[in-house]
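Dear colleague,

Please find the structure below for your records. My notes on it follow directly after.

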Amino acid sequence: KMYKDILIDPEFIAGLGLFLGDGDMHRKDKTHLTYASIDKDIAKHALDFLINKFCLNIKDVTFTVVYREENYNIEKEWSSFLDISIEKIQRKFSIRHKKETIQIEISGIIFRKILF
C-alpha cells in the first residue's frame, strides 16, 4: 500500500477551497464527495489536486457531464481536456442546467485517505 503524508500548504488550501465552494459534502450518507464545475480549467485543477494530494486512482472517480443543449462530442471534449478515457464519462440531460457542467464524484475512499 502507498501512504502519503498530507502537506498543508497554500496549494492544498486552494484545492480544499474548490471543494468547499463548489463541492457537495453535505449529503447525509457521506459515501462520496462530488465536485461540479462549468469551467474546464478549474475542473482539471480540482481533479489534479485529488490525484496529486491524495494519490487518488482514477478508477475511484466517476465523471458525469450534465447538459441542457445536445452536443454529440461532449464526452470526447471532456475526456481530452481532463486526459481521461472517454469510457469514464457519463452524460445526463437536465433542463435545470443552463450551462454544461462536469460532475466529478469520488467514492468514499477519499474519506478513508483523509481520516486514516
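The buried residues of α1 are Phe-12, Gly-15, Leu-18 and Phe-19, where buried means under 20% relative accessible area, exposed over 50% and partly exposed in between (1.4 Å probe, protein chains only). They lie on the same side of α1 because they cover an arc of only 115° around the axis, the arc being that of the directions from the helix axis to the C-beta atoms. Pro-10, Leu-20 and Gly-21 are exposed on the other side of α1. Helices (H or I, at least four residues) and strands (E, at least two) are DSSP runs, numbered from the N terminus.

This is a predicted model, in which local features need pLDDT of at least 70 and side-chain atom pairs count only at pLDDT 80 or more, while totals for chains, interfaces and linings use all residues. Residues are numbered from 1 along each chain as its sequence is written, and side-chain values use heavy atoms, with hydrogens and water left out.

With 13 residues, α1 reaches 18 Å from its first C-alpha to its last, close to the 18 Å expected at 1.5 Å a residue; the expected span is 1.5 Å times one less than the number of residues in the helix. In the segment before α1 is Asp-9, which counts as buried because its relative accessibility is 18%. The side chain of Asp-9 reaches the backbone nitrogen of Phe-12 at 2.8 Å. Such a polar contact is a pair of N or O atoms within 3.5 Å; within protein, one must be able to donate a hydrogen and the other to accept it, and residues adjacent in sequence count only if both atoms are side-chain atoms.

At the start of α2, a side-chain oxygen of Asp-39 comes to within 2.8 Å of the backbone nitrogen of Asp-41. Just after α2, Cys-55 has a positive phi of about 50°.

Which residues touch the most other members of the largest nonpolar core? Among its 24 residues, they are Phe-19, Phe-63, Trp-78, Leu-82, Ile-102, Ile-104 and Ile-106. The elements that give two or more residues to this core are α1 (10-22), β2 (32-37), α2 (40-54), β3 (61-67), α3 (74-82) and β5 (101-107), and α2 provides the largest share, six residues. A nonpolar core is a set of buried Ala, Val, Leu, Ile, Met, Phe, Trp, Tyr and Cys residues joined through side-chain atoms within 4.5 Å.

Two further residues deserve a note. Glu-100 is in the loop between β4 (89-93) and β5, and it counts as partly exposed because its relative accessibility is 22%. The side chain of Glu-100 makes a polar contact with that of Trp-78 (2.7 Å). Glu-100 and Glu-70 are 30 residues apart in sequence and 9.7 Å apart in space, C-alpha to C-alpha. Thr-101 lies in strand β5 and is buried, with a relative accessible area of 7%. A polar atom of the Thr-101 side chain lies 3.1 Å from the backbone oxygen of Lys-99.

With kind regards
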